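Hi,

Here is the structure I promised to pass on. Could you have a look at it when you get a moment? My notes follow below.

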Amino acid sequence: MRKIEHIGIAVKDIESSNDLFKSLFGKAHYKVEDVESEGVKTSFFKCGPNKIELLQATNKDSPIAKFIEKKGEGIHHIAFAVDNIEKEIKRLTKEGFQMIHKVPKKGADNKLIAFLHPKSTNGVLVELCQEIED
Ligand code: ZN
């Protein structure tokens, strides 16, 4: 893994959270994106070299809706940049980690993504992401 790509934060209302994080960082989000397959609406902020993703559920079956129901708003996942996501999935599976996605899928921000099950990572939901080259 190369570095932390972004940190994902689950929010109830992305509009008001966009205002809140704008005040926090002194800079507005640079992008919003719906990821229909995940049932989420996302927005991205830059804070120096780091990236924060806000996620709001767009339906009640969304993983974000379930997360907020169980734990409330807050840090949802940490995403790590990888060069070759398929290779990394294979390596981690071999190491005994439990993958939620064994096959990478298209995520927000032009990325191929795959999540590891928090059961196998001390309760931390880990996302792998690889930039899609076009
Ligand atoms: Zn993410």
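**The zinc site**

The 4 donor atoms around the zinc ion make an irregular arrangement, because the angles they subtend run from 84 to 176 degrees. Donors here are N, O and S atoms within 2.8 Å of the metal (3.2 Å for Na, K and Ca); water is not among the atoms, so sites may look incomplete.

Before you read on: this is a predicted model, where local features need pLDDT of at least 70 and side-chain atom pairs count only at pLDDT 80 or more, while totals for chains, interfaces and linings use all residues. Residues are numbered from 1 along each chain as its sequence is written, and side-chain values use heavy atoms, leaving out hydrogens and water.

The ligands are His6 (NE2), Glu53 (OE), His77 (NE2) and Glu127 (OE), at 2.1 to 2.2 Å. Histidine 6 sits in strand E1 (residues 3–10) and glutamate 127 in strand E8, so this pair ties together parts that are 121 residues apart in sequence. Strands are DSSP runs of E, at least two residues, and helices runs of H or I, at least four, numbered from the N terminus.

Histidine 6 counts as buried because its relative accessibility is 4%; for glutamate 127, also buried, the value is 5%. Buried means under 20% relative accessible area, exposed over 50%, partly exposed in between (1.4 Å probe, protein chains only).

Best wishes

Note on methods:
Four donors count as tetrahedral if all angles lie between 85 and 135 degrees; four count as square planar and six as octahedral if opposite donors are over 155 degrees apart and all others between 65 and 115; anything else is irregular.
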